[in-house]
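Q: Please take a close look at one part of this structure for me. I would like to see how two of its pieces sit against each other, and what lies around them.

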Amino acid sequence: MSLNTSTFLNQASHQKLKRNFECLKNSQPTTSSLQGNPLQNLQLASWEVLENAQKSGRSKCPRCGSSRMFYCYSCYVPVETVPTKEIPVVKLPLNIDIIKHPNETDGKSTAVHAKLLAPEDVTIYTYPCIPDYEGQRHEIALIFPGPNSVSVKDIALYLQKHVKHISSGNGGDSSAEPCLKKAKIETKEDKNLSEYNSNSRSEDIVLKKVIFIDSTWNQTNKIITDERLQGLLQIELKTRKTCFWRRQKGKPDTYLATIEAIYYFLVEYHQEVLKESYKGQYDNLLFFFSFMYTLIKNAKNSAGKE
């Protein structure tokens, strides 16, 4: 009796997974489905390659041979039905390190999107593997909220102060007086922030690397308290609502997926620190995310869940 019950449950589970897959497979992004989509104004590359891959179903990873949909989340490469040349490549203004919690499920993480779309500028590490940032701390920032975190617009001011501090430490007595005078000016933060930002393009004070933590919020403590990450400039992003379909249970909708956090940081950095007009330069970082969001939204609508 128990054997028959087990067999029935396995068959039922298989049928449910099959129905869910077919629902996604038959759910194509349409003009009507994009209405009300918070990601609809992104300047994205054509989804045609993803739509064709979706119709074909799962495909092999060209490296490990595993069966995957769209890309291999272990090897960070597109599957055979998604030609690499048809995937957009995004050039970032700085390097990004992603430190992934070992218990974070690879298939559910959006960190791989960043590696796929900006392969030259993104590196993913699995904790406790963390690079040695000693000697580079003045040009690295950690994206994580905290009591000492600063906003993106204050990055230039922080770096200016740090460089002045180093310069005064290397100089003689003659540098002490100008440093004190500069400190008086820096206290008028709102008035002089634009002046510091205008000078932030200097090679000596530019931010060169940003670190993101890829894990559930309940798992972050182990990584954020690691001694190798202490003393870094900590940055907190503006409050934004997530579009992630795997919301963390009991957490507010302002808790972003990793790829969302990377995207929103870069947009703010481009505008507030580089002081350049944003024209969609990093929108394709959401190439996979936006497509999958639309698919899942369509599938839910078809199922009458929303």
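A: In this predicted model, helix 3 and helix 10 are oblique to each other. Their axes cross at roughly 50 degrees. The crossing of the two helices is right-handed.

Now look at the side of each helix that takes part. Helix 3 brings Val-49, Leu-50, Glu-51 and Gln-54. Helix 10 brings Phe-287, Phe-288, Phe-291 and Leu-295. The residues of this contact divide into 6 nonpolar, 1 polar and 1 charged.

Next, step back along the chain from helix 10. A loop joins helix 9 (258-272) to helix 10 (287-303), and Asn-284 is in that loop. Is Asn-284 buried or exposed? Asn-284 is buried, because its relative accessibility is 17% and the cut-off for buried is under 20%. The side chain of Asn-284 reaches the backbone nitrogen of Ala-45 at 2.8 Å. Beyond its neighbours within four places in sequence, Asn-284 is in contact with Gln-43, Leu-44 and Ala-45, among others. Pro-88, Val-90 and Leu-117 are also on the contact list of Asn-284.

Leu-285 lies in the loop between helix 9 and helix 10 too. Its relative accessibility is 1%, so Leu-285 counts as buried. What does Leu-285 touch, leaving aside its neighbours within four places in sequence? Its contacts include Ile-259, Ile-262, Tyr-263 and Leu-266. They also include Val-90, Leu-92, His-113, Leu-117 and Ala-118. Take Ile-262 from that list. Leu-285 and Ile-262 are 23 residues apart in sequence, yet their C-alpha atoms are 8.5 Å apart in space.

Follow the contact to Ala-118. This residue lies in the loop between helix 4 (111-117) and strand 6 (122-126). Ala-118 is buried, with a relative accessible area of 1%. Leaving aside neighbours within four places in sequence, Ala-118 is in contact with Val-90, Leu-92 and Leu-285. Val-90 and Leu-92 are also among the contacts of Leu-285. Ala-118 and Tyr-282 are 164 residues apart in sequence, but 9.7 Å apart in space from C-alpha to C-alpha.

Return to the loop between helix 9 and helix 10 for one more residue. Lys-275 is in this loop. Lys-275 is partly exposed, with a relative accessible area of 47%. Its phi is near 55 degrees, a positive value in a residue other than glycine. Most residues other than glycine have a negative phi. Phe-70 has a positive phi as well, near 75 degrees. Phe-70 is in the loop between strand 2 (67-68) and strand 3 (71-72). At 7% relative accessibility, Phe-70 counts as buried.

The chain has 10 helices and 9 strands. Of its 306 residues, 42% count as buried. How many of the contacts between residues at least 6 apart in sequence join residues at least 24 apart? The share is 76%.

Conventions: Residues numbered from 1 in each chain as written. Predicted model: local features only at pLDDT ≥ 70, side-chain atom pairs only at ≥ 80, totals over all residues. Heavy atoms only, no water. Helix = DSSP H or I, 4+ residues; strand = E, 2+ residues; numbered from the N terminus. Buried < 20%, exposed > 50% of the residue type's maximum accessible area, 1.4 Å probe, protein only. Polar contact = N/O pair within 3.5 Å; in protein donor to acceptor, adjacent residues only side chain to side chain. Contact = heavy atoms within 4.5 Å. Axes fitted to C-alpha atoms, helices over the stretch in contact; angles between N-to-C directions. Parallel < 35°, antiparallel > 145°, perpendicular 65-115°, else oblique. Left-handed = near helix turned anticlockwise from the far one by under 90°. Nonpolar A, V, L, I, M, F, W, Y, C, P; charged D, E, K, R; others polar.
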